[in-house]
Amino acid sequence: MENTELHANVLSNSDGFTELIQDPSHPLYIHPSDNLGVQLVTVPFNGTGFVIWRSSMLISLSAKNKLGLITGKVAQPAPDSPYFPLWKRCNNMVKAWITNSLTREIAISVMCLSTVKEVWMDINERFG
């Protein structure tokens, strides 16, 4: 994973809770306007027109600074890392964005995969 320590500030509250404040340019940052229902492409992928769908998804994910999750550049941290909950939340958000851009049949076929990288690789292997 890229050096997340350079992109986050750690604050300690009086109750002992350690809070991570992320830089908006960090790939694990989720903007308050981002939500699970966001559709990144206008027409869900149904098995045809893969090149156009893939290109549209890559542009959208790049604009949201999330390409590293599908390429593996932003790797899953260890479960005991303070960054793991941030990564998991971001992974789930991007997974929802991708599955929202697929027809129901294709989305169901990738829902059991754990990481968005696995989802992306599976779709690319089957349709690319």
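A search of the whole structure finds 2 salt bridges, a salt bridge being a side-chain nitrogen of Lys or Arg within 4 Å of a carboxyl oxygen of Asp or Glu. The model is predicted: local features need pLDDT of at least 70, side-chain atom pairs count only at pLDDT 80 or more, and totals for chains, interfaces and linings use all residues. Residues are numbered from 1 along each chain as its sequence is written, and side-chain values use heavy atoms, with hydrogens and water left out.

Lys64 pairs with Asp34 in a salt bridge whose closest N and O atoms are 2.7 Å apart. Because Lys64 lies in the loop between helix H1 (50-63) and helix H2 (67-71), and Asp34 in the loop between strand E2 (18-22) and H1, the pair ties together parts that are 30 residues apart in sequence. Helices (H or I, at least four residues) and strands (E, at least two) are DSSP runs, numbered from the N terminus. Lys64 is partly exposed at 25% relative accessible area, whereas Asp34 is buried at 13%; buried means under 20%, exposed over 50%, and partly exposed in between (1.4 Å probe, protein chains only).

Arg126 and Asp122 also form a salt bridge, at 3.0 Å from N to O. Both residues belong to helix H5 (residues 116-127), 4 residues apart, about one turn of the helix. Arg126 is partly exposed at 41%, and Asp122 is partly exposed at 23%.

The structure holds 0 disulfides, a disulfide being a pair of cysteine sulfur atoms within 2.5 Å. Cys90 is buried, with 0% relative accessibility, while Cys112 is exposed at 67%.
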